[in-house]
Amino acid sequence: VDSGPAARLGNGLGLMREALDELHTLQFELSPPLLYREGLAAALEWLAVHATERFGIAFSFQDAAPAMKVPQDLAIVLFQIARELVYNVAKHAAARTGSIALDRDGDRVVLSVADDGKGFARSPGGRPDRGGFGLFSIRERVTLFGGEVSIATTDAGSRVSVRMSLPQRDEIAPGPAAQAPGLLQASHDARRQ
């Protein structure tokens, strides 16, 4: 093989390695193992540090309800929402600083992402623009959980807050280990019949 095809093959393999590295990074960012091991607050703190390093915007994290227990399915959704909001700040806000906050309001968890950027564009009626696909997707996910999204924006920055109900203790489904005996018993009963 002459040097031309070998060089193209080498370039192609290099691009493939870069694509795989980017895929692994994206997979980690979408669902970091820290979220499953240590919970939502630890994952949001990691997100603030990661976003600061990646985008050069000084993000901070505040956990105003450190004793709050957030079920894993809700924690995953809230983390993904926070990630989307942080990336929106990086792409659109022209901000120098941003913040991620986790709080509790009665039986609801409150996640807020704020920035000191240029704010949301205004519609002809003077109201803040409802945003693009990212905010639409966030609203859809929050609605599925019976929550609400609020946006406050000025020329000096924006704050997007998400409020979602925390399930009562008896509403939380048991984990796989707790379900296993019942499943085994049901299958044993079915075999006896």
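# Reading helix packing and sheet pairing

Q: What does Phe145 count as at 33% relative accessibility?

A: At 33% relative accessibility, Phe145 counts as partly exposed, the class between buried (under 20% relative accessible area) and exposed (over 50%), with a 1.4 Å probe and protein chains only. The model is a predicted one, in which local features need pLDDT of at least 70 and side-chain atom pairs count only at pLDDT 80 or more, while totals for chains, interfaces and linings use all residues. Residues are numbered from 1 along each chain as its sequence is written, and side-chain values use heavy atoms, with hydrogens and water left out.

Q: Where does Phe145 lie, and which residues does Phe145 touch, not counting those up to four places away in sequence?

A: Helices (H or I, at least four residues) and strands (E, at least two) are DSSP runs numbered from the N terminus, and Phe145 is placed in the loop between H5 and E4. A contact means heavy atoms within 4.5 Å; with residues up to four places away in sequence set aside, Phe145 touches Asp73, Leu74, Val77 and Met164.

Q: How many helices and strands does the protein have, and in what order do the elements run?

A: There are six helices and five strands, which follow one another from the N terminus as α-α-α-β-α-β-β-α-β-β-α. Of the 193 residues, 31% count as buried, and among contacts with a separation of 6 or more, 66% join residues 24 or more positions apart.

Q: At what angle do helix H4 and helix H5 pack?

A: Two packed helices are described by the angle between their axes and by the distance between those axes. Here the axes are lines fitted to C-alpha atoms, for helices over the stretch in contact, and the angles run from 0 to 180 degrees between N-to-C directions. Helix H4 (residues 72-93) and helix H5 (residues 133-144) pack at about 160°, with their axes 10 Å apart. That makes H4 roughly antiparallel to H5, given that angles under 35 degrees count as roughly parallel, over 145 as roughly antiparallel, 65 to 115 as roughly perpendicular and the rest as oblique.

Q: Which residues of H4 and H5 meet?

A: Val77, Gln80, Ile81, Glu84, Leu85 and Asn88 of H4 meet Gly134, Leu135, Ile138, Arg141 and Val142 of H5. By class, this contact holds six nonpolar, three polar and two charged residues, where Ala, Val, Leu, Ile, Met, Phe, Trp, Tyr, Cys and Pro count as nonpolar, Asp, Glu, Lys and Arg as charged, and the others, Gly among them, as polar.

Q: At what angle do helix H3 and H4 pack, and how does their contact divide by class?

A: Helix H3 (residues 40-55) packs with H4 at about 20°, their axes 10 Å apart, and the two helices are therefore roughly parallel to each other. Their crossing is right-handed. The contact includes Leu40, Trp46 and Phe55 of H3 together with Leu78, Phe79 and Tyr87 of H4, and its residues divide into 14 nonpolar, one polar and two charged.

Q: In what order do the strands of the open sheet stand?

A: Strands of a sheet pair through backbone hydrogen bonds, either parallel or antiparallel; two strands are taken to pair if DSSP finds at least two bridges between them. Five strands form the open sheet, in the order E1-E2-E3-E5-E4 and with mixed pairing. Strand E1 (58-63) and strand E4 (148-154) stand at the edges with a single partner strand each, so one side of each has no neighbour in the sheet. Neighbouring strands are turned by 15° against each other on average, with direction ignored.

Q: How many bridges join E4 to E5, and where do H3 and H4 lie on the sheet?

A: Seven bridges join the antiparallel E4 and E5, and a hairpin connects the two through two residues. H3 packs on the sheet, touching E1, strand E2 (97-105) and E3, with its direction at about 170° to that of E1, while H4 lies across E1, E2, E3 and E5 and runs at about 15° to E3.

Key: A crossing is left-handed if the near helix is turned anticlockwise from the far one by less than a right angle, and right-handed if clockwise.
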